[in-house]
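Please keep the model open beside you as you read.

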Amino acid sequence: MALAGQRSGEEFDEVVSFPEWRTVLMGEALAAAVKRRYVSTILGFLRVCKATGRPLSAGLIRWHLDRAGLGEAARREERAALAWLFKTARAAGKVQRQAGAFVPPPAATVVAPGPHLGRAVGGGAGMGGALPPLAAGDQGGADWERDLITAIRRKGFLWRTEQTYRAWAGRFAEYVRPRSPYAAGGAEVEAFLSRLAVEQRAAPSTQKQALNALVFLMQEALRVDLGEMAFRRARERRRVPTVLSREEVRRLLERLSPGCRLMAEVMYGSGLRLMELLRLRVQHLDLERRQLRVLGGKGDRDRVTVLSDSLRPRLEAHLGRLREIFAEDRAAGAPGVWLPEGLARKYPHAGVAWEWQWLWPSREFMRDPETGLRRRHHLLDGTFQNAVRKAAGEAGLDKRVTPHVLRHSFATHLLESGTDIRTLQELLGHESLETTQIYTHVMQKPGLGVRSPLDMNPGAFSG
């Protein structure tokens, strides 16, 4: 089926502007399962548009479908969804002809789906839920990027670190264009870092992250000696975390659906980060010892944290429901859950083992662009974040509430109850005690039980 833009004589592309496509799709006489697949595919393609910096057009659709990495069945599904999108937009007058033939994105900007798009096409906001692409198929585009990837993997850095370093290197390459990063030196890195502080008012942590990434790029990957650098440092800002009172936590939890409430209670009761919560697998629960194992947390550090004894009956019931889903997936011959690349090679059948199943699985199967397989992924970060924000609004909380606020509240409430700060450091997985000490500034009674002077003799100030 021709999607659009079949040119004869004059060269042109056809650009789509169709923001109401989802509403129109919901009104179509299609099966619910087909609509869900179409939504998943179209959202995935919109992320392709964002990653490549190109508008949704006939040329980009053809380029996307022609790329390697999709199985035949997956390609047919994508073609059907995108064909529907283009034909419906054209019928609604939402397609405009644009002079000039479509030019494919440069190789250096065409990256594997993992860091930008999420390998689960129905992914939520952000990159948190993205799974790393197969290393052999993700070697970069430009020479400098390939050298960077080689150096990163030789050092054994985490996938999230690779994502971050490649993103900063890409921004730096754009900054020095048309010169190559190979021709750059300390002066260009200084100018780039100073620009972050002066023009973009970047936070010190952001500037430090960029510094680490560019020093690694230039010295470790490209073998360029930067020498001594003097750049404008971003102004240090001290931020205190948002913390809920115990009563506010209770009100928030009451407004969540049963499934999201159990997740929020585990996050608050164990002090987990969001992605640590979402990536829990069945084997990470130790109900008998009331412990929760966090494997591969921030900094690739493992730790053991507390698991609330009050949650045990509900977690046991939750595991019972998961066993039913697990049995249905196995009976249907569904592929196993995603495993890290090295683990999947060493234990190819671990993905269908009970202990490796996600503790918080998604309701729908999601397509893996690398293999074309539709497998069950864990719940997406955006789904849980939206549920918490909505519950906070319904609870009437006048604070900016995100899932991470539950981790802040866990730490603060433990300190208020007399927990030793070094014990708290271990439970939170902080590398530095200085990071944990930030919670001493938001305790209900900081310091040695300090009281406000207004509370010392309240009768003297009564109106």
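The report below takes the chain as a whole, then a pocket, then the salt bridges.

This is a predicted model, in which local features need pLDDT of at least 70 and side-chain atom pairs count only at pLDDT 80 or more, while totals for chains, interfaces and linings use all residues. Residues are numbered from 1 along each chain as its sequence is written, and side-chain values use heavy atoms, with hydrogens and water left out.

**The chain**

You will find 20 helices and seven strands here; helices (H or I, at least four residues) and strands (E, at least two) are DSSP runs, numbered from the N terminus. The chain has 463 residues, and 46% of them count as buried (under 20% relative accessible area; exposed is over 50%, partly exposed in between, with a 1.4 Å probe and protein chains only). Among contacts (heavy atoms within 4.5 Å) with a separation of 6 or more, 66% join residues 24 or more positions apart.

**The second largest pocket**

A pocket is an open set of points on a 1 Å grid over the protein atoms alone, where a 1.4 Å probe fits, with protein on both sides within 12 Å along at least five of seven lines; lining residues have an atom within 4 Å of a point. The second largest pocket has a volume of about 1100 Å³, taken as the space filled by probe spheres set on the points. It is lined by 31 residues, of which Pro361, Ser362, Arg363, Glu364 and Leu379 are the closest to its centre. Elements that each supply at least two lining residues include α2 (32-52), α13 (312-331) and β6 (361-367).

**Salt bridges**

Side chains of opposite charge can pair when their charged atoms come close. Counting a side-chain nitrogen of Lys or Arg within 4 Å of a carboxyl oxygen of Asp or Glu as a salt bridge, the chain has 24. Three of the pairs are set out here.

| Pair | N to O distance |
|---|---|
| Glutamate 14 and arginine 90 | 2.8 Å |
| Glutamate 188 and arginine 179 | 2.8 Å |
| Arginine 195 and glutamate 199 | 3.4 Å |

Glutamate 14 lies in strand β1 (residues 12-16) and arginine 90 in helix α4 (residues 72-91), so this pair links distant parts of the chain, 76 residues apart. Glutamate 14 counts as buried at 8% relative accessibility, whereas arginine 90 is partly exposed at 42%. Arginine 179 is partly exposed at 41%. Elsewhere, a network of salt bridges links Glu145, Arg153, Glu162 and Arg166.
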